[in-house]
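User: I would like a close look at one part of this model. Please keep it plain and brisk.

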Amino acid sequence: MSDNRYGLTEEQVMIKDLARKISEEKVKPVRAELDEKGEFPTEIMKIFADADLCGLYVPEQYGGYGGGEMEFCLTTEELSRVCAGVGVTFAASALGAYPILLFGSEDQKKKYMPDIASGKKLAAFALTEADAGSDATAMKTRAVLKGDHYVLNGTKQWITNGGEAETYTVIAMTNPDKGGRGASAFIVEKGTPGFSFGKKENKLGIRASATRELIFEDCKIPKENLLGREGLGFIVAMRTLDATRPGIAAQALGIAQGALDEAIDYARKRIQFGKPIITFQAIQHMLADMATQIEASRAFVYHVARTIDSGAKDYSKLSAMVKLFVSDVAMKVTVDAVQILGGYGYMKEYPVEKMMRDAKITQIYEGTNQIQRNVIAANLIKEAASKKK
Ligand code: COS
């Protein structure tokens with residue numbers, strides 16, 4: 001049983017334990033190989049699906065378990081504790097699904113969510129382009145309405161689960177003159193003529209996950225696949241990221257915990273100057289700092305997840321804060337774990353160098369940590385202005 005000092009329900013502890021058991025038994029033995037080869041974890045995703053872990057955050061009427069942000073974060077944390085490449089593959093399907101859950105019509109939810117919730121199909125989210133990263137409204141992908149369908153043209157870049165997912169949420173410009181207010185969100189199915197995939201990226205970390213370009217060339221999609229209404233695409237993207245950035249924090253939390261576990265284990269066994277190195281204060285203080293930062297991170301992730309699940313309307317600031325804070329903790333903790341393992345930490349025989357490589361992306365994707373600060377500051381200014389009135 002997990003240590004339950006966190007006020008989790010009995011069911012949440014069971015979910016966390018199940019995710020941990022699968023991670024330890026099925027992911028740990030293959031993580032180094034998946035990382036080395038950059039191999040997509042197809043078999044592991046099937047195991048998660050069979051264990052009913054894929055639809056924890058999905059309401060029961062759409063084939064899910066009926067949990068929320070907390071269940072999603074607990075699972076992502078445990079998978080990432082062992083392998084963040086697997087963790088993000090799992091979490092990116094929720095990133096692709098959230099636009100449908102948050103903005104989809106009843107028909108769209110009934111059509112697409114049950115297969116995503118059961119894990120039969122993976123989802124993916126496509127906003128980023130070569131020249132539209134932090135500056136998301138600079139996207140060039142166009143969607144033009146022609147009769148009863150939209151025609152998509154453009155290229156999306158660095159899409160997690162690209163090529164592997166069956167269901168894609170794609171943000172494209174329907175009215176480029178209007179900037180952000182001219183974007184719209186669409187559901188695009190794999191196999192639609194005119195929709196193909198570019199090269200698979202060769203990455204520093206999270207190498208088990210698939211990252212590819214999506215290419216749209218006169219790709220015709222039914223007009224019923226528009227999410228919400230025209231012009232809502234940017235809001236769909238931002239509200240989705242508000243819901244999923246705590247998942248990046250949970251991923252970072254898992255990576256940091258995994259690195260601390262390895263560092264403690266190593267420090268207890270490694271003998272130098274005739275003693276285990278854990279008996280030296282230099283090592284003890286590093287471990288104490290790592291553990292303290294992780295404990296604060298866990299409290300923060302669970303607090304934000306509970307806030308969202310309690311029905312809070314605007315959690316943009318909190319989501320940005322937790323993603324910013326915990327990803328920085330993961331980077332620091334993994335660098336320190338490599339330091340504690342010394343030369344061994346730098347070698348691929350030990351998992352901490354992989355954890356350090358995996359941690360880096362959590363400071364970058366779903367909005368860089370510089371963008372998170374922009375979001376936080378914009379909210380502070382808005383709050384101050386509304387208090388003054
Ligand atoms: N919820 C609802 N609406 C939001 C919102 C949110 N969380 N954040 C922004 N908006 C709205 C704004 O209110 C504004 O609406 P109006 O045009 O009606 O005034 C509109 O979206 C544009 O917002 P803003 O003016 O802040 O946009 P900027 O061009 O300055 O860009 C963004 C700032 C939001 C694009 C930037 O902070 C951002 O998040 N970039 C990162 C994108 C990202 O995370 N990419 C990763 C892709 S997934 S791996």
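At what angle do helix α4 and helix α7 pack, and how far apart are their axes?

Analyst: This is a predicted model, so local features need pLDDT of at least 70 and side-chain atom pairs pLDDT 80 or more, while totals for chains, interfaces and linings use all residues. Residues are numbered from 1 along each chain as its sequence is written, and side-chain values use heavy atoms, without hydrogens and water.

Helices here are DSSP runs (H or I, at least four residues), numbered from the N terminus. Helix α4 covers residues 69-82 and helix α7 residues 233-269. They pack at about 35°, with axes 7 Å apart. Axes are lines fitted to C-alpha atoms over the stretch in contact, and angles run from 0 to 180 degrees between N-to-C directions.

The crossing of α4 and α7 is right-handed. That means the near helix is turned clockwise from the far one by less than a right angle.

Now the contact itself (heavy atoms within 4.5 Å). From α4 come Glu69, Phe72, Cys73, Thr76, Glu77, Ser80 and Arg81. Their partners in α7 include Ala243, Pro246, Gly247, Leu253 and Asp261. By class, the contact has 7 nonpolar, 7 polar and 4 charged residues. Gly counts as polar here.

Key. Helices (H or I, at least four residues) and strands (E, at least two) are DSSP runs, numbered from the N terminus.
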